[in-house]
Amino acid sequence: MLDQLNRLEGEALAALETVKESDALAEWDRSYLGKKGALTLLLRAVGDLPKEERPAFGRAANEAKVRLEAAYEARAEALRREEMVRELEQGTLDVTLPGRPAGPGHLHITTQTLRRIYAIFAEMGFQVYESPEVETDEMNFGLLNMPPHHPARDMWDTFWVSDEALLRTHTSPGQMRAMREYCPEPIRVILPGKCYRYEQITARSEHQFYQVEGLAVGRNITMADLITTLTEFARRYYGAERRVRIRGSYFPFTEPSIEVDVDCILCEGQGCRVCKYSGWLEIAGAGMVHPVVLQNGGYDPDVWSGFAFGPGVERPAMLKHSIDDIRLFYGNDLRFLRQF
Ligand code: DAH
């Protein structure tokens with residue numbers, strides 16, 4: 001049967017040489033490699049061989065198949081070229097025709113969400129302030145009231161770049177940079193940007209994501225200003241009828257600290273899978289800037305006060321567009337991205 005195989009291969013290759021146009025090529029493909037092609041039938045007959053001969057024959061037959069497929073591809077390519085040359089010579093190919101236009105791209109869902117958030121806060125008088133993605137330990141933690149070995153550092157699993165530098169785990173270090181730049185003026189800024197965490201990637205958490213930090217510093221700023229600002233944001237982003245709930249929380253850089261929820265936009269607070277049957281969705285951590293943080297920024301906490309908040313960006317987009325897997329954002333699947 002090995003002989004038969006060799007003969008078949010030789011014959012097929014010789015026949016391929018004589019193929020001059022695409023119909024004949026398709027016919028060749030059918031008669032050797034197709035479902036009822038000669039090689040396919042021979043491969044199927046492997047079962048008739050004595051057991052000990054099967055592996056060797058099977059291997060040889062598969063190798064022959066790979067060679068024939070490659071020869072087929074090469075012949076097909078050669079025929080395509082010949083065809084093109086012929087068209088050029090006969091002048092049937094009009095090289096002056098305009099090319100196919102490249103379709104315009106569009107903004108990524110994250111960019112669109114960021115711009116929406118910028119617009120809402122711009123209407124409330126917040127400017128955009130940018131700060132670096134690679135930060136020092138001191139900015140990301142120390143000056144935010146988390147000295148080395150502070151247990152709260154465990155809230156942020158960190159990608160370290162060196163002993164002192166890291167990929168920021170949140171946009172909060174930008175608060176310090178803004179304060180040091182603006183001091184002693186009042187501040188009203190948002191700080192958008194990428195953050196990184198050394199975390200397991202799941203449908204709900206990525207190791208790279210966006211946050212939009214907010215910071216206001218002034219002489220008479222109170223918790224009422226913070227709650228009003230975030231309620232206003234929630235209503236403009238999620239819809240005018242939204243209700244907001246405030247819960248006590250803990251962050252080292254705010255005192256008091258809160259977490260802000262909106263009633264679930266999918267079930268209107270009735271309870272569903274997305275809100276885990278609580279009726280509420282968490283949208284941001286926030287609080288009154290801790291006196292130590294104000295002081296580190298150059299502001300006297302006896303004269304100045306401030307509020308800060310730090311919502312994510314992908315999560316709001318997920319809620320708004322019913323996206324159930326955060327990994328889709330940066331998976332670069334155009335079928336997903338084109339929807340927005
Ligand atoms: N930085 C916090 C985090 O990543 C979020 C946060 C909480 C930011 C409270 C704030 C704040 O500005 O006041 O989890």
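Here follow questions and answers about a ligand site and some aromatic rings.

This is a predicted model, in which local features need pLDDT of at least 70, side-chain atom pairs count only at pLDDT 80 or more, and totals for chains, interfaces and linings use all residues. Residues are numbered from 1 along each chain as its sequence is written, and side-chain values use heavy atoms, with hydrogens and water left out.

Visitor: Which residues come nearest to the ligand?
Guide: A residue is near a molecule if one of its heavy atoms lies within 4 Å of it. There are 16 residues around the ligand. Those that come nearest are His170, Ser172, Arg197, Gln211 and Glu213.

Visitor: How do the residues of the shell divide into nonpolar, polar and charged?
Guide: Ala, Val, Leu, Ile, Met, Phe, Trp, Tyr, Cys and Pro count as nonpolar. Asp, Glu, Lys and Arg count as charged, and the others, Gly among them, as polar. The shell around the ligand holds six nonpolar, eight polar and two charged residues.

Visitor: Which residues have a polar backbone atom 3.2 Å or 3.3 Å from an oxygen atom of the ligand?
Guide: At 3.2 Å from a ligand oxygen lies a backbone atom of Ala308. At 3.3 Å, the backbone atom belongs to Phe309.

Visitor: What share of the ligand's area does the protein bury?
Guide: Areas come from the Shrake-Rupley method with a 1.4 Å probe. Taken alone, the ligand exposes 360 Å². The protein buries 93% of that.

Visitor: Are the rings of Phe233 and Tyr237 stacked or edge-to-face?
Guide: Rings of Phe, Tyr and Trp (its six-membered ring) pair if their centres lie within 6.5 Å; planes under 30 degrees apart count as stacked, over 60 as edge-to-face and the rest as tilted. Phe233 and Tyr237 lie 5.9 Å apart, centre to centre. Their planes are 20° apart, and the pair is stacked.

Visitor: Why are Phe233 and Tyr237 separated by about one helical turn?
Guide: Helices are DSSP runs (H or I, at least four residues), numbered from the N terminus. Phe233 and Tyr237 are about one turn apart because they stand four residues apart in helix H8 (residues 223-238).

Visitor: Is Tyr238 buried or exposed?
Guide: Buried means under 20% relative accessible area, exposed over 50%, and partly exposed in between. Tyr238 has 10% relative accessibility, so Tyr238 counts as buried.

Conventions: A polar contact is a pair of N or O atoms within 3.5 Å; within protein, one must be able to donate a hydrogen and the other to accept it, and residues adjacent in sequence count only if both atoms are side-chain atoms. Helices (H or I, at least four residues) and strands (E, at least two) are DSSP runs, numbered from the N terminus. Buried means under 20% relative accessible area, exposed over 50%, partly exposed in between (1.4 Å probe, protein chains only).
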